[in-house]
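Please read it beside the sequence and the structure.

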Amino acid sequence: MACFGAMATTIPILVEVGTKRVFAMARDWPGWSRRGRDEMAAVESLDAYADRYGAVVAGIGGRDDVRAGVVFEVVERFRGGPGTDFGAPDTQPAVDASPVAGRDLERLVAILRACWDAFDAAATAAGDAALRTGPRGGGRDLAKILAHVTESAAAHLRSVGGRASSEASLEQIREAYVEAVRARARGELPDVGPRGGKRWSARFGVRYAAWHALDHAWEIEDRVER
C-alpha cells in the first residue's frame, strides 16, 4: 500500500482509477475527495483541500485528523467507469458495501448535512456576483448550478431507492435522502430496484452526495468575482 506525506496522522484513502482521471477520497470522511490526471496528482489535490474540508467538518469529531500534510494510506484501489473520466466518482468501493448503523450512521449523516450547509453558504455568499468563466467561456452561472444541484439531488435520491414529488424543494429532497439512506442502512430498501437497477449503498449514497455538494460549493467559491 502506498503512503504519501510526512506527518504521524494516517488517513486511509480510496483510489478510483479511470483511463483519463483518478479520484482519491478519504475513506472515513465523505466529501473529502479530489481528482487528478493520475494517482499522485489526485492525492496531492486531496491534501491541498484538507484545510477547506476541515473547516466544513469542524463541528464533527476527529477534526484534528483533517489537515494538510497528513499521511495518506491507500487501503483500496479499484477501477472506475465512464463517469470517472467525465469527472465524477462512478464506482462503489468494496468498503461501502459494509453495514453501517447507530452512531457510525449518524456521524455520516452529520457530515453529509455539513457538506450541504457548505454548499448553501457558498451560494448565499456569492449573492448576485458573477462567476468567472473558463478560457473558452465555459461554466454554469449560479442559477444554473443551483438548478443542477436540485435536479441531481432528485436523481441521487432515486439511486438510493427513495422518491420525492416533482414539486419538492431542495430541502425536502435532502430530508427524503437522509431517510432513504437510513432505510437502506436498515435493509428496508432492497439492493436492486423494481426495474433491476442496482441501488447505492447507504455509505456510498452519503459519499457521493457529500462529494457533489462540496465540489460545487468550492467551484462557486473559486469562481465568484469580487
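In this predicted model, H6 supplies four residues to the lining of the largest cavity, which is the largest share. The space in that cavity comes to about 130 Å³. Two cavities of 30 Å³ or more are present in the structure.

**Largest cavity**

- H5, H6 and H7 each contribute at least two residues to the lining of the largest cavity.
- The residues that line the largest cavity are Trp 116, Val 149, Ala 153, His 156, Leu 170, Ile 173, Arg 174, Tyr 177, Ala 209, His 212 and Ala 213.
- Sorted by class, the lining of the largest cavity has eight nonpolar residues, two polar residues and one charged residue.

**Second largest cavity**

- The second largest cavity holds about 30 Å³ of space.
- Its lining consists of Met 25, Ser 33, Pro 89, Phe 204, Arg 207, Tyr 208 and Trp 211.
- H7 gives the most to the lining of the second largest cavity, namely four residues.
- Five nonpolar residues, one polar residue and one charged residue make up the lining of the second largest cavity.

**Helix pair H5 and H7**

- Helix H5 covers residues 142–160 and packs against H7 with the axes 10 Å apart.
- The angle between H5 and H7 is about 175°, and angles over 145 degrees count as roughly antiparallel, so H5 and H7 are roughly antiparallel to each other.
- On the H5 side, the contact with H7 involves Leu 142, Ile 145, His 148, Val 149, Ser 152, His 156 and Val 160.
- On the H7 side, the contact with H5 involves Gly 205, Tyr 208, His 212, His 216, Glu 219, Ile 220 and Arg 223.
- By class, the contact of H5 with H7 has six nonpolar, six polar and two charged residues.
- Val 149, His 156 and His 212 take part in the contact of H5 with H7, and these residues are also among those lining the largest cavity.
- Tyr 208 of H7 is in the contact with H5 and also lines the second largest cavity.

**Largest pocket**

- The largest pocket contains about 530 Å³ of space.
- Fifteen residues line the largest pocket, and those nearest its centre are Arg 35, Gly 87, Arg 140, Asp 215 and His 216.
- Strand S4 (33–36), helix H3 (82–86) and helix H7 (202–223) each provide at least two residues of the lining of the largest pocket.
- Six residues of the lining of the largest pocket come from H7, which is the largest share.
- The lining of the largest pocket includes four nonpolar, six polar and five charged residues by class.
- His 216, one of the residues nearest the centre of the largest pocket, belongs to the part of H7 that meets H5.

**Second largest pocket**

- The second largest pocket contains about 270 Å³ of space.
- Its lining has 17 residues, and Asp 96, Ala 97, Arg 184, Asp 191 and Ser 201 are nearest its centre.
- H6 and H7 each provide at least two residues of the lining of the second largest pocket.
- By class, seven nonpolar, four polar and six charged residues line the second largest pocket.

- Val 56 is in helix H2, which covers residues 50–56.
- The relative accessible area of Val 56 is 18%, and buried means under 20%, so Val 56 is buried.
- Apart from its neighbours within four places in sequence, Val 56 is in contact with Ala 114, Cys 115, Ala 118 and Leu 214.
- Val 56 and Ile 111 lie 55 residues apart in sequence, with 8.4 Å between their C-alpha atoms.
- Ala 118 is in helix H4, residues 102–126.
- Ala 118 has a relative accessibility of 16% and therefore counts as buried.
- With neighbours within four places in sequence left aside, Ala 118 is in contact with Val 56, Leu 214 and Ala 217.
- Ala 118 and Val 95 are 23 residues apart along the chain, and their C-alpha atoms are separated by 26 Å.

**Gln 172**

- Gln 172 is in helix H6, residues 170–186.
- Is Gln 172 buried, partly exposed or exposed? With a relative accessible area of 49%, Gln 172 is partly exposed.

Note on methods:
Residues numbered from 1 in each chain as written. Predicted model: local features only at pLDDT ≥ 70, side-chain atom pairs only at ≥ 80, totals over all residues. Heavy atoms only, no water. Buried < 20%, exposed > 50% of the residue type's maximum accessible area, 1.4 Å probe, protein only. 1 Å grid on protein atoms, 1.4 Å probe; cavity = no way out; pocket = protein on both sides within 12 Å on 5 of 7 lines; lining within 4 Å. Points joined across faces, edges and corners; volume = space filled by probe spheres on them. Nonpolar A, V, L, I, M, F, W, Y, C, P; charged D, E, K, R; others polar. Axes fitted to C-alpha atoms, helices over the stretch in contact; angles between N-to-C directions. Parallel < 35°, antiparallel > 145°, perpendicular 65-115°, else oblique. Contact = heavy atoms within 4.5 Å.
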